[in-house]
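I opened the notebook to look up a few contacts in this structure. My entries follow in the order I made them.

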Amino acid sequence: MIGDDDFKICDRKLRYKKDEYPLASIKSARVKTNALQDHILRITCIGLVVSSVVLMICPESLGLFTAPFAFSLGILSALASVRKYELQIEFQHSDETGLQWVSVAKSNQPKVKHLFEHQAVSILARI
């Protein structure tokens with residue numbers, strides 16, 4: 001379970017477990033509650049990506065046989081990683097990627113949502 005001690009803001013960096021984000025590159029923070037629409041979009045995209053990789057790797061006849069299996073496998077792996085709450089930061093990358101919302105942590109538990117909200121407020125106070 002995610003705890004308050006997993007997050008640290010010190011030395012001009014946000015630390016979550018072993019991940020570090022420089023506070024100078026963080027522009028904003030939010031807690032996102034994923035809806036059914038978000039989950040369906042994510043599951044479909046992951047399934048399509050996995051099946052398209054199989055279609056590129058396998059020859060035509062074998063690819064047509066294995067692509068539906070790969071699509072199903074992609075959907076199952078996406079379903080296993082579905083989370084309702086996300087702590088996200090708006091992060092300014094140093095390359096041409098630019099400004100992007102990045103998920104720092106995810107959870108399904110309402111208790112952790114309150115922790116995420118507290119962390120978002122403390123991140124916004126420090127930037």
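**Salt bridges.** I counted a salt bridge where a side-chain nitrogen of Lys or Arg lies within 4 Å of a carboxyl oxygen of Asp or Glu. I was working on a predicted model, where local features need pLDDT of at least 70, side-chain atom pairs count only at pLDDT 80 or more, and totals for chains, interfaces and linings use all residues. Residues are numbered from 1 along each chain as its sequence is written, and side-chain values use heavy atoms, with hydrogens and water left out.

I found four salt bridges in the structure. One of them joins Glu117 to Lys113, with the closest N and O atoms 3.8 Å apart. Another joins Asp11 and Arg15 through their side chains, at 3.9 Å from N to O. I also noted Lys13 with Glu20, at 3.2 Å from N to O.

I then looked up accessibility (buried is under 20% relative accessible area, exposed over 50%, partly exposed in between; 1.4 Å probe, protein chains only). Asp11 has 61% relative accessibility, so I logged Asp11 as exposed. Arg15 is partly exposed at 21%. Lys13 is partly exposed at 30%. Glu20 is partly exposed too, at 40%.

**Aromatic pairs.** I used rings of Phe, Tyr and Trp (its six-membered ring) with centres within 6.5 Å; planes under 30 degrees apart are stacked, over 60 edge-to-face, the rest tilted. I found three such pairs. Phe7 and Tyr16 make a tilted one, 4.8 Å centre to centre with 35° between the planes. Both Phe7 and Tyr16 are buried. Phe7 also pairs with Phe116: the centres are 6.4 Å apart and the planes stand at 85°, so I wrote down edge-to-face.

**Domains.** Domain bounds come from an automatic or database domain assignment. For this chain the assignment gives domain 1 as 4–34 + 83–125 and domain 2 as 37–81. Their centres, taken over C-alpha atoms, are 29 Å apart.

How many residues of each domain are in contact? I counted heavy atoms within 4.5 Å as contact. Six residues of domain 1 touch five of domain 2.

Next I checked buried area (accessible area, 1.4 Å probe, that two parts lose on being put together, summed over both). The two domains bury about 380 Å² between them, 38% of it on carbon and sulfur atoms. Asn34, Arg83 and Lys106 supply 85% of the area that domain 1 buries against domain 2, more than any other three residues.

The side of domain 1 that touches domain 2 has no nonpolar, two polar and four charged residues.

Technical notes. Ala, Val, Leu, Ile, Met, Phe, Trp, Tyr, Cys and Pro count as nonpolar, Asp, Glu, Lys and Arg as charged, and the others, Gly among them, as polar.
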